[in-house]
Amino acid sequence: MTHALIVIDVQLGFCPGGNLAVPDGDAVVPGINALMPDVPHVILTQDWHPAGHSSFAASHEGRAPYDVIDMPYGPQVLWPDHCIQGSADAAFHPDLDAARARAIVRKGMNPAIDSYSAFFENDRETPTGLDGLLRSLGVTDLTLVGLAHDFCVNFSAVDAARLGYAVTVREDLTRAIDLDGSREAARAGMRAAGVTLA
Ligand code: VGL
Ligand code: ZN
């Protein structure tokens, strides 16, 4: 068994003061840093959108943030502009021990498709490359932490379980956006996929 810690989107944009702030999002940073020395491989993900990304409400006339629209790959929540490539909003939280990471996986770069999961874009089939990286490192067990619990952590955990990893989400080291009960829905979906919620 070889273990990796996947740190999802601990970026300023998802912390208080950011463009898509998750309540209390920055509270996860010290606990995540404390976990890093215990695992052989630390991977960070970074939401990394081009300006004008199709997941931004501002890219759709007459739409407001948190509206849901139909995209060719399914329903898509529209977000405020966030985590634009190279902006301060897209930077990792300055206290996150990013120097420990073996790799940084960027996602949401295709202007036409959002990407919540660390493994696949929201079409659920275009890979980010993370599965190949983990397999070549012999990784079998994953611990997932970070932001946001009900979107990127949730989609990453379900995909990881589907890919055959043993997956634990440390819920104390995540925080949720919680749109219309999305936190409880995410918990049920993760449990059904065989993810351990700890
Ligand atoms: C996320 C919404 C849009 C996340 C990213 O990291 O959970 N949520 N982009
Ligand atoms: Zn995003």
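Student: Which residues in α3 are buried?

Tutor: Gladly! This is a predicted model, and in it H149, D150, F151, C152, V153, N154, S156, A157, D159, A160 and A161 of α3 are buried.

Student: Why is H149 called buried?

Tutor: Buried means under 20% relative accessible area. H149 has a relative accessible area of 1%, so H149 is buried.

Student: What makes α3 mostly covered?

Tutor: Of its 14 residues, 11 are buried. Those buried residues pack against the strands β1, β4, β5, β6 and β7, and against α4.

Student: Why is the link between the side chains of H149 and E171 called a polar contact?

Tutor: Such a contact needs a pair of N or O atoms within 3.5 Å. The one joining the side chains of H149 and E171 is 2.8 Å, so the distance falls within that cut-off. H149 also touches other residues, including R175, R183 and M190.

Student: Which element gives the most to the largest nonpolar core?

Tutor: That core has 55 residues, and V7, I32, F119, L134 and L142 have the most contacts inside it. The element giving the most to this core is α3, with 6 residues.

How values were computed
Residues are numbered from 1 along each chain as its sequence is written. Chains are lettered from A and ligands numbered from 1 in the order in which they are written. This is a predicted model: local features need pLDDT of at least 70, side-chain atom pairs count only at pLDDT 80 or more; totals for chains, interfaces and linings use all residues. Side-chain values use heavy atoms; hydrogens and water are left out. Buried means under 20% relative accessible area, exposed over 50%, partly exposed in between (1.4 Å probe, protein chains only). Contact means heavy atoms within 4.5 Å. A polar contact is a pair of N or O atoms within 3.5 Å; within protein, one must be able to donate a hydrogen and the other to accept it, and residues adjacent in sequence count only if both atoms are side-chain atoms. A nonpolar core is a set of buried Ala, Val, Leu, Ile, Met, Phe, Trp, Tyr and Cys residues joined through side-chain atoms within 4.5 Å. Helices (H or I, at least four residues) and strands (E, at least two) are DSSP runs, numbered from the N terminus. Lists of a residue's contacts leave out its neighbours within four places in sequence.
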